[in-house]
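Biologist: I would like to learn how to read a protein structure. Could you take me through some features step by step?

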Amino acid sequence: MSLRSAVATVSLGRSSAGHTLLHKLEQAASHSFEGIELFYECLEHLAQTLPGGLNEDNLFLAAKNTRQECDRLGLEVICLQPFMYSEGLTSEDAHKKVILKLQLWFRLAKMLRTDIIQIPTNFLQNGTTGDLERITADLLEFAQLGMQESPVIKFAYEGVAWGTHIDTWEGTWEVVKRVNMPNFGLCLDTFHIAARVWGDPTANSGKRERGDQDLADSLAKMAQELDVEKIFYLQAGDAEKLASPLTAGSTLYNPDQPERMIWSRNARLFPFETEKGAYLPVTTILDVILHLKGYRGWVSLETFSTELYLQDASVPAQYAQRAQRSWDSMARVYG
């Protein structure tokens with residue numbers, strides 16, 4: 001299997017700015033992508049535009065319309081994401097609501113003809129536990145339910161750099177091993193790996209003092225321990241080195257969000273966009289995953305930016321073109 005190109009729908013324009021899912025699909029296809037990571041907010045926005053507004057029936061109709069458009073354009077839906085705030089909840093009522101939501105997502109996934117639901121590590125500040133037994137039990141329950149579906153639904157667990165209890169790939173890998181189910185694996189994200197152990201948006205240098213050593217140690221563990229078959233797909237992204245440290249009083253600062261979350265939501269870039277200020281050691285990470293471990297499969301390009309909220313009809317095409325250039329640069333290096 002070779003590397004296959006995908007792009008996240010949210011990275012071609014935000015729905016709240018009026019950038020429609022169907023237009024973003026057209027842009028992804030016209031810029032030579034084979035697949036898309038479908039963000040739930042994009043599907044929800046499409047459902048809102050249908051007669052009757054946002055309701056369950058319209059969500060299903062939106063999924064059907066999306067699948068038909070993808071068929072027309074030759075696109076695959078590699079996953080539906082993000083299934084957020086789902087594991088380690090301390091309230092039993094909240095957990096029951098998550099299971100009901102999961103049943104809805106199973107139906108949507110079937111209509112979209114995707115077999116992967118992506119789960120980011122929980123970053124709720126309240127109402128969660130870091131107890132690995134509880135987290136594992138929740139995710140094992142999801143996996144067991146997914147095994148009962150036909151076709152089987154898989155889960156890709158992603159360690160986000162500001163997760164409340166799990167914020168590294170090592171943390172997610174430990175959970176994957178504990179769950180020990182064939183349909184439960186990883187989504188590895190170059191931004192989150194680098195941003196957590198190497199980058200620091202609050203530092204003048206944009207880098208942790210021990211960043212080089214800590215990243216080297218992390219990647220050495222990846223090279224030695226990670227089962228490449230458990231990488232269900234790879235996200236590739238970078239970020240800007242901010243002009244000034246992200247501290248209270250700075251333009252982007254939000255006291256309600258962790259610093260790495262602010263950085264990620266506002267100043268991400270596609271890989272290889274060095275001319276725009278990309279500076280994270282993304283190729284160092286890709287070297288291990290793609291060359292050393294030999295991963296082959298879906299690679300989804302992902303970015304977040306304040307520009308994606310602009311109500312400018314040219315945004316999807318601009319970002320699709322940037323994503324295509326990024327993919328071409330990656331393909332030249334990694335084939």
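The dialogue below goes from strands to the core, then to rings and the backbone.

Biologist: What should I know before I start?

Modeller: This is a predicted model: local features need pLDDT of at least 70, side-chain atom pairs count only at pLDDT 80 or more, and totals for chains, interfaces and linings use all residues. Residues are numbered from 1 along each chain as its sequence is written, and side-chain values use heavy atoms, with hydrogens and water left out.

Biologist: How are helices and strands named, and when do two strands pair?

Modeller: Both are DSSP runs numbered from the N terminus: helices are H or I with at least four residues, strands are E with at least two. Two strands pair if DSSP finds at least two bridges between them. Take strand β1 (residues 4-8). It pairs with β10 (residues 298-301) in the parallel sense, over 4 bridges. There, R4 stands opposite W298. β1 also pairs in the parallel sense with β2 (residues 35-39), over 3 bridges. A6 has G35 as its bridge partner in β2.

Biologist: Which helix does the chain cross through from β1 to β2?

Modeller: Helix α1 (residues 21-30), and this β-α-β crossover is right-handed. Right-handed means that, with the strands pointing away from the viewer, the path from the first strand over the helix to the second runs clockwise.

Biologist: Why is β1 described as largely enclosed by the rest of the structure?

Modeller: Start with the term. Buried means under 20% relative accessible area, exposed over 50%, and partly exposed in between (1.4 Å probe, protein chains only). In β1, 4 of the 5 residues are buried, so the strand is largely enclosed.

Biologist: What is a nonpolar core?

Modeller: It is a set of buried Ala, Val, Leu, Ile, Met, Phe, Trp, Tyr and Cys residues joined through side-chain atoms within 4.5 Å. The largest one here has 110 residues. F184, L188 and Y295 touch the most other members. Helix α4 (residues 92-112) gives the most to this core, with 9 residues.

Biologist: What does F184 touch?

Modeller: Contact means heavy atoms within 4.5 Å. Leaving out residues up to four places away in sequence, F184 touches several residues, including L139, F155, V176 and F232.

Biologist: How do I spot an aromatic pair?

Modeller: Rings of Phe, Tyr and Trp (its six-membered ring) pair if their centres lie within 6.5 Å; planes under 30 degrees apart count as stacked, over 60 as edge-to-face and the rest as tilted. The whole structure has 13 such pairs. One is F123 with W162, edge-to-face, at 6.0 Å centre to centre and 75° between the planes. The pair links distant parts of the chain, 39 residues apart. Both residues are buried. Elsewhere, ring pairs link Y40, F83, W105, F106, F142 and F155 into a cluster.

Biologist: What is worth checking in the backbone?

Modeller: Most residues other than glycine have a negative phi, and most peptide bonds are trans. Here a cis bond joins Q81 and P82, with omega about -5°. P82 is in the loop between β3 (76-81) and α4. The bond from S150 to P151 is cis as well, with omega near 0°.
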